[in-house]
Amino acid sequence: MSQEPLFTYLLRLGDDLLILSHRLGEWCGHGPVLEEDIALTNRALDHIGEARNLYDHAVKVEGKGRTEDDLAYLRNERQFVNSKLVEQPNGDYAHTIVRSFLFDAYHLPLAEALTKSTDAQLAAIAAKAVKEAQYHVKHSSDWLIRFGDGTEESHRRAQEALDNLWTYSGDLFVMDAVHQELVKSGIAPDLTKIKAAFDATVD
């Protein structure tokens, strides 16, 4: 099998995490309270760490002598293949939390499924990420409930963020020819199963 589909898939996974990490990093020094400032910075570092592992695997799969830094910093914006959700601006804190929650509800079941990947390196990267992803879901869902059950204004802001960001969540579950080929070889999971887990968390 050609290694191109796997390289493309690893880029997609890595790009989602790198771009989201940079968005979250924009809150450093600007969080609503000190604890959240630190929490978001730590989340950003978690995402960068996983992205680095994915990029490192991708350059080895590609075999052209590039490095993880080449993939992260020496591509122009049109060469990134991240989902639209992760690049959406931070907005207010409710907007940031809703964006994180939607991604987290997708990322955790994806990471859990990837631990069974027939690509041993990808499975190892996913196994390392699962524990962090569990914390991320708890953090964002706790805040989302807090906003929803809080004041009239916090509820409104969270609802407006969800209305704005929900349209981008479908992008996470598109299975094109690249993904379908990797599903057949057992490298990537069927995204209909990930979507079912996502829906259960969101519901």
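Predicted model: local features only at pLDDT ≥ 70, side-chain atom pairs only at ≥ 80, totals over all residues.

Reader: What is the mean pLDDT of the protein chain?

Author: The mean pLDDT is 96, and 100% of the residues reach 70 or more.

Reader: Which elements have the lowest and the highest mean pLDDT?

Author: Helix α2, residues 34-62, has the lowest value among the elements, with a mean of 94. The highest belongs to helix α4, residues 93-114, with a mean of 98.

Reader: And how many helices and strands are there?

Author: The protein chain has eight helices and zero strands. Read from the N terminus, the order of elements is α-α-α-α-α-α-α-α. The radius of gyration is 17 Å, close to the 17 Å that the globule rule gives for 203 residues, so the chain is as compact as a globular protein of that length.

Reader: What box do the C-alpha atoms fill?

Author: Taken along the principal axes, the box is roughly 55 × 35 × 30 Å.

Reader: What share of the residues counts as buried?

Author: Of the 203 residues, 48% count as buried. The accessible surface of the chain comes to about 10200 Å², and carbon and sulfur atoms account for 53% of that area.

Reader: What about contacts between residues at least 6 apart in sequence?

Author: Among those contacts, 74% join residues at least 24 apart.

Reader: Let us change topic to charges. How far apart are the mean positions of the positive and negative ones?

Author: The chain has 21 positive and 33 negative charges, and their mean positions are 3 Å apart.

Reader: Now to single residues. Is His136 buried or exposed?

Author: His136 counts as buried, because its relative accessibility is 2%, under the cut-off of 20%. His136 is found in helix α5, which covers residues 120-148.

Reader: Which residues does His136 touch?

Author: Leaving aside residues up to four places away in sequence, His136 touches Arg43, Asp46, His47 and Asp104.

Reader: And where is Leu13?

Author: Leu13 lies in helix α1, residues 4-25. Its relative accessibility is 9%, so Leu13 counts as buried.

Reader: What does Leu13 touch?

Author: With residues up to four places away in sequence not counted, Leu13 touches Leu54, Tyr106, Leu110, Leu114 and Leu122.

Reader: How far is Leu13 from Gln3 in space?

Author: Leu13 and Gln3 are 16 Å apart, C-alpha to C-alpha, and ten residues apart in sequence.

How values were computed: Residues numbered from 1 in each chain as written. Heavy atoms only, no water. pLDDT = per-residue confidence, 0-100. Helix = DSSP H or I, 4+ residues; strand = E, 2+ residues; numbered from the N terminus. Rg over C-alpha atoms; globule rule 2.2 N^0.38 Å. Buried < 20%, exposed > 50% of the residue type's maximum accessible area, 1.4 Å probe, protein only. Contact = heavy atoms within 4.5 Å. Areas by Shrake-Rupley, 256 points an atom, 1.4 Å probe, with all protein chains shown as cover. Lys, Arg positive; Asp, Glu negative; His and termini not counted. Charge placed at Lys NZ, Arg CZ, Asp CG, Glu CD.
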